[in-house]
Amino acid sequence: MRSLLALLLLLSCSLPAWAEVRASLDRYSLTAADVLTLTLEATDQLEQRPDLTPLEGDFSVLSSRKVIISSHSSSSRAVRTRWELQLRPRTTGKIRIPPLRLGSDLSAPMEVEVTGNLAPTRNRGNLFMDSLLSQDQIYSHAQLLYTARVFHTEPLPESARFQPPQLPEALVIPLTEKRSYETDRGGESWQITEQAFALFPSNEGLHTLRGARLVLDDESDVTPNAIALTPVESFEIEVLPQAHHSQRGYWLPAERLSFEEQAPLPDSLQPGESFVREISLTALGLPADALPSLFVAELDSAFARTEDVSLTETATPQGLVSTRTERILIEPLGEGGLVLPAIDIHWWNTLSDRGQILTLPGRQLEIDMVSLPPVTDSSTPVARDAANPSSPSRMLVAGLGLLSIISSLGWLYSWHQLRQLRNRDKAASQEVQAAQAAQLHRSHQQAERNTFQALAIACQQNDAGSTQQRLIDWGQQFWLDHHVHSLTSLCEAAGSQALDFLIMDLEHHLRHEPTLWQGDLLLEALETMRRRRLRNAEPSMDSREQDLLMVS
């Protein structure tokens, strides 16, 4: 009896462990054109993806979805992990679905019957997709590189094009034009047509990326109007949450970040003499509207404001290169040393997977003292002893008196000319100051229009994260008499209860549900605030200037 029990125990230990993973199908009989749903469910919370390699011979995996099911009771908590797979059969007849591994356990095998004929595919063996993906785990708002590649033996028509890949709530940017080249694969010569794309996902969690489709637009008899390769490639992408939060509220996941001073700073300055500092921040792997404002510090001994902001993007095969350039007008207020503080940008290096700080070193400039020309007295003192009875003669006394009168007249003429010169210099200085003020006013208007235009685009796209940064940038240009460095300081500068509620709603969505935020109400409130400012503060503007100020 003991030998029989030992034998049964040995057999049970040698069998595969199928009990922990349950597998089920939505149907056990289907046609070749139908899609089969396979569900795998484990009695625990698992992070691993199921191994779908055993299915590749008989099925095409169209999509997959992960669901965590949690149930609570007064004494316990149960968690289950469910995977739903969409499959399309490659063959007909009775197909065996082999055991699939999920975690450390296997599912039970199953059979399904496929009837009918498979849909014919044009040049199936001579035309197939084999795309490349840079990674399957990526941080929110970071760059994901996808290269759509088609292998073919015959040349494609010139009208062949790629439809971009699709990823939920992701920005998709083409990086290169379509290009073709030849290569060897398995001892055979193949032609490859490819195009690179950059994707920037915003929603955290597990998502399915549907690959690009090749479409051939040709109305000839040989080539159909549109050939789309099937099945569409699918990739499982896990979007990770932000690794850290900076004090200014931005998140910069990039592969490379660099500062650049566009022009050398002056060696010396005079009080009241202004100069423009132009600095640029360049990032590889980020869109331009994600780059933060660069000049946020106040200067104690100088007047400073952002004169202009420009954003540029360049698509390269290595990824999207974005640059933010700011022109900052600085005018020293007094003599001595002018300290330009260092600028620190906190960012996340996605290559080394760690946080870093990029610093533009501080600078110190010397402000020269004002040197005024000495005022000389050209008069000649009158001889003290003119009335001395020991003088040689009255002629000498008369000559000295005449010389004194001439000298006095010369001094009066010089003083009058100096006064006129000073008046002309003062008038010229006032004209220069007025021209500088007008230029500064126009530059400020341009910067305010640019920042508001970027803010309006972010609101119209319902992008809560970008709207937060663009709102601070615009506030710095709109309220020049306030130090706007956060949403809280912006609310204090605005003094509007309605705007306070709208910004509270924006902050709530940023913390909990950023994808559900709608920016139309905030944009409407800001446009109303700008129109009110225009009517109250600029009553003398003509209609053309008002139209220019309200462009957004």
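A: The model is predicted, and local features need pLDDT of at least 70, side-chain atom pairs count only at pLDDT 80 or more, while totals for chains, interfaces and linings use all residues. Residues are numbered from 1 along each chain as its sequence is written, and side-chain values use heavy atoms, with hydrogens and water left out.

Searching the whole structure gives 10 aromatic pairs, where rings of Phe, Tyr and Trp (its six-membered ring) pair if their centres lie within 6.5 Å, and planes under 30 degrees apart count as stacked, over 60 as edge-to-face and the rest as tilted. One of these is the edge-to-face pair of Y139 and W348, with 5.9 Å from centre to centre and 70° between the planes. This pair links distant parts of the chain, since Y139 belongs to strand 12 (residues 137–139) and W348 to strand 28 (residues 343–349), 209 residues apart; strands are DSSP runs (E, at least two residues), numbered from the N terminus.

W348 is also buried, because its relative accessibility is 13%. W348 pairs with W251 too, and since the centres are 6.4 Å apart and the planes lie at 40°, that pair is tilted. Here again distant parts of the chain are linked, as W251 sits in the loop between strand 20 (234–240) and strand 21 (253–254), 97 residues from W348. W251 has a relative accessible area of 8%, so W251 is buried as well.

Notes
Helix = DSSP H or I, 4+ residues; strand = E, 2+ residues; numbered from the N terminus. Buried < 20%, exposed > 50% of the residue type's maximum accessible area, 1.4 Å probe, protein only.
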